[in-house]
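Here are some notes to go with your first look at this one. They are meant to be read with the structure open beside you.

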Amino acid sequence: MTSLDLLKYAESKGIIIEYSKLPEVGSCAVDLDGLCVIGIDDRDMTEAEKRVHLAHELGHCETGAFYNMYSPVDNRSKNEYKANAWAIKKILPKERMLDAFKNGLTEKWQLAEEFSVTEEFIVKAFNYYFQQN
């Protein structure tokens, strides 16, 4: 799923994407009385970074995993986990990752290139699929 696919997905769900300066975080999602709005600062993002940010913020919208800056750390962690899990399943299904392993792609950079995501996202996906207890 490309960034364009993610943008189309957002549009189909009535999720608004706003382009704005967000130098500290790159992106954010807010729930405005049932209307989800995603802000993204993609000026200096690679395609992989944009894709990961969009998928993550869509994860907040689709799972209702919102919090505010005053939320306790455990609540924030739980909501970030939910958003990441949604993003991982949406843009990097486990079967595709397993196929890549079978085809000899085992380095983070190889997988990141193959799936057009960041190396950090590859680590999150690996941990989500294969390191759960």
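**Notes on the fold, point by point**

1. D33 counts as exposed, since its relative accessibility is 85%. Keep in mind that this is a predicted model. You'll find D33 in the loop between β2 and β3. Its phi is near 50 degrees, which is a positive value in a residue other than glycine.

2. Strand β2 (residues 27–32) and strand β3 (residues 35–40) run antiparallel, and 6 bridges join them. Between the strands of this hairpin there are 2 residues, and D33 is where the positive phi turns up. If you want to trace the pairing by eye, start with D31, whose bridge partner in β3 is C36. Further along, C28 stands opposite G39 of β3.

3. Now step back to the whole sheet. The sheet is open, with 3 strands in the order β1-β3-β2 and mixed pairing. On average, neighbouring strands here are turned by 25 degrees against each other, ignoring direction. Helix α2 packs on the sheet and touches β1, β2 and β3, and its direction makes about 160 degrees with that of β3.

4. Is C28 buried, exposed or partly exposed? With 31% relative accessibility, C28 counts as partly exposed, because that figure falls between the 20% and 50% cut-offs. Setting aside neighbours within four places in sequence, C28 is in contact with L22, V37, I38, G39 and E57. For a sense of scale, the C-alpha atoms of C28 and V123 are separated by 21 Å, and these two residues are 95 apart along the chain.

5. K50 lies in helix α2. Its relative accessible area is 16%, so K50 is buried. Which residues does K50 contact, leaving aside its neighbours within four places in sequence? They are S3, L7, Y19, I40, D42 and M45.

6. Next comes the pairing of two helices. Two packed helices are described by the angle between their axes and by the distance between those axes. For helix α2 (residues 47–63) and helix α3 (residues 73–91), the angle is about 120 degrees and the axes are 7 Å apart. Their crossing is right-handed. On the α2 side the contact is made by R51, A55, H56, L58, G59, H60, E62 and T63, and on the α3 side by N79, E80, K82, A83, N84, W86, A87 and I91. Sorted by type, the residues of this contact come out as 6 nonpolar, 6 polar and 4 charged.

7. The loop between α2 and α3 holds A65. A65 counts as buried, because its relative accessibility is 0%. Not counting residues up to four places away in sequence, A65 touches H60, N79 and K82. H60 is one of the α2 residues in the helix contact, while N79 and K82 are among those from α3. A65 and V30 are 35 residues apart in sequence, with 9.7 Å from C-alpha to C-alpha.

8. Which residues of α3 are buried? They are N79, A83, N84, A85, W86, A87, I88 and I91. An α-helix has 3.6 residues a turn, so residues three or four places apart point the same way. The cover over the buried residues of α3 includes α1 (3–12), α2, α4 (94–102) and α6 (119–130).

9. One last stop is S116, in the loop between α5 (108–115) and α6. Phi of S116 is near 50 degrees, again a positive value in a residue other than glycine. S116 counts as partly exposed, because its relative accessibility is 29%.

Conventions
Residues are numbered from 1 along each chain as its sequence is written. This is a predicted model: local features need pLDDT of at least 70, side-chain atom pairs count only at pLDDT 80 or more; totals for chains, interfaces and linings use all residues. Side-chain values use heavy atoms; hydrogens and water are left out. Axes are lines fitted to C-alpha atoms, for helices over the stretch in contact, and angles run from 0 to 180 degrees between N-to-C directions. Helices (H or I, at least four residues) and strands (E, at least two) are DSSP runs, numbered from the N terminus. A crossing is left-handed if the near helix is turned anticlockwise from the far one by less than a right angle, and right-handed if clockwise. Contact means heavy atoms within 4.5 Å. Ala, Val, Leu, Ile, Met, Phe, Trp, Tyr, Cys and Pro count as nonpolar, Asp, Glu, Lys and Arg as charged, and the others, Gly among them, as polar. Two strands pair if DSSP finds at least two bridges between them. Buried means under 20% relative accessible area, exposed over 50%, partly exposed in between (1.4 Å probe, protein chains only).
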